[in-house]
Structure formats: C-alpha cells, structure tokens
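Dear colleague,

Please find below the structure for your files, together with its sequence.

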Amino acid sequence: MNRYGTSKRLVKIKRKASLHVAKPIQQRVYAIRKVATVMLPFYRKLASSRTYSVQWAKAVREADIARMNKLLRSVIGSEPLSALASNGVGWFVDLPLPKPLLVITNGTTIRPGQVQFTFSSTINRAIAKAVTPLYRELICNPSYAALIVKAINTQNETLLNQLIRSTVTSRRLVSVQIDFSGFFLGFKYPTSKYVYLNEVFREYVM
C-alpha cells in the first residue's frame with residue numbers, strides 16, 4: 001500500500017491516503033451486499049416453496065449441477081456466476097467481483113467428512129427463513145453491512161455475533177464464526193445430529 005505525507009502537501013495527501021485505505025473496505029462492503037442482492041430471491045423462494053426446497057435438496061445430494069443451475073436460474077435469472085457446486089452435503093454459489101477481490105462464495109453445508117450425500121430440504125428451508133432478514137438488512141442498510149465487514153476484518157467475533165443475532169433471531173442458530181474472510185453461521189435442528197453452516201466468504205484475504 002502506498003504511503004503519503006510530507007511538508008506543505010500534508011493535508012491534501014492525507015486525504016488521498018484516507019481514500020486509499022477506505023477503498024478496500026468499500027470493495028468488501030460492496031461484495032457482501034452483492035451476495036445479499038443476488039441470493040435473497042433464492043432464499044425467499046426456498047422459504048416460501050416446499051416443492052422448490054425438496055427439488056433443490058435432491059439436486060444437492062445427487063450433485064446434479066445442471067438441475068441446480070436450472071432451479072437457481074429460475075429465481076436469479078441471468079446473473080453471472082463464477083461457479084455453482086455441490087459436495088453432496090451442501091451447495092455453494094460463487095459470484096464474480098471486480099479485481100482484486102475476484103470471487104465471493106455463499107452456501108449452506110454440513111462440514112465435509114462427517115457424512116455423505118445427506119442434505120435436508122426441511123433444514124435448508126428453515127435456514128433460508130432464518131437468514132432472510134440478515135440478507136435483507138445487508139441490502140437495505142449499508143451501515144450495517146460496513147459493521148459486518150469491520151467485525152470480520154478485525155476478527156471481532158463478539159461484535160459479529162451481536163450484529164448477526166440482531167437480524168437472525170432463530171434459536172437454532174448455535175454459532176457465529178469468522179473464517180477465511182467471511183462468516184459461518186451454524187444451525188442445529190433436533191431432526192439432525194449435524195450442524196448446518198450458512199456461509200459467506202472470500203477464500204483469500206486481500
């Protein structure tokens with residue numbers, strides 16, 4: 001990162017330096033709000049349609065990417081994607097970002113290695129209902145999104161927990177964690193012994 005500041009140009013250059021520091025933060029706020037904007041209609045569809053949720057979960061368990069793409073496209077239209085993936089126990093949507101961030105990932109999954117080809121449509125749907133207010137707030141409230149980014153950047157899980165729980169009020173939310181350069185929300189339901197993670201992250205910290 002360039003550094004500025006000497007003699008008579010100090011005030012002017014300080015302003016430039018401040019803008020230079022702020023730009024990566026603005027990029028990360030843009031990234032997290034883009035995820036919310038693109039994915040909120042999908043979460044709403046999962047929450048409102050049992051049939052859609054069952055079809056989606058079946059495609060995830062079978063790693064049927066073509067079927068997943070068709071279902072997702074029926075909600076988000078022609079929005080550009082970097083990737084769409086399934087590991088048999090969860091789904092992942094990669095959205096392209098301007099350089100230098102490149103890609104941000106959103107998904108819901110059981111941690112790999114615990115089980116194979118298990119993914120509950122009922123739990124996925126319940127999580128969609130639970131996180132809808134979070135994604136809506138990220139879209140409507142840039143200040144909230146900026147605080148989420150600040151908590152992630154400073155590794156402040158206490159702040160992140162407070163921010164997340166102000167919008168995600170489900171008692172099934174059992175953990176809020178910072179991982180990579182994003183957040184992982186753990187949900188535990190009585191019908192499954194596995195914790196399901198709703199995730200938003202960039203794999204590499206810029």
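I begin with one residue, Thr-108, which is part of strand E3, a strand covering residues 103-110. Please bear in mind throughout that this is a predicted model.

Thr-108 has a relative accessible area of 0%. Thr-108 is therefore classed as buried, since that term applies to values under 20%.

The surroundings of Thr-108 are drawn from several parts of the sequence. Setting aside neighbours within four places in sequence, Thr-108 is in contact with Tyr-43, Gly-90, Trp-91, Phe-119, Asn-124, Ile-127, Tyr-196, Leu-197 and Asn-198. One of these residues, Asn-198, also has a polar contact with Thr-108: their side chains are joined at 3.0 Å. As a further point of reference, the C-alpha atoms of Thr-108 and Leu-185 lie 9.2 Å apart in space, although 77 residues separate the two in sequence.

Turning to the chain as a whole, there are six helices and six strands. Read from the N terminus, these elements follow the order α-α-α-β-β-β-α-α-α-β-β-β. The chain comprises 206 residues, and 44% of them count as buried; Thr-108 is one of the buried residues.

With regard to contacts between residues at least 6 apart in sequence, 52% join residues that are at least 24 apart. Finally, the accessible surface of the chain amounts to about 10,800 Å², and carbon and sulfur atoms account for 54% of that area.

Yours sincerely,
A colleague

Terms used
Residues are numbered from 1 along each chain as its sequence is written. This is a predicted model: local features need pLDDT of at least 70, side-chain atom pairs count only at pLDDT 80 or more; totals for chains, interfaces and linings use all residues. Side-chain values use heavy atoms; hydrogens and water are left out. Helices (H or I, at least four residues) and strands (E, at least two) are DSSP runs, numbered from the N terminus. Buried means under 20% relative accessible area, exposed over 50%, partly exposed in between (1.4 Å probe, protein chains only). Contact means heavy atoms within 4.5 Å. Accessible areas come from the Shrake-Rupley method with a 1.4 Å probe; for residues, only the protein chains shown count as cover. A polar contact is a pair of N or O atoms within 3.5 Å; within protein, one must be able to donate a hydrogen and the other to accept it, and residues adjacent in sequence count only if both atoms are side-chain atoms.
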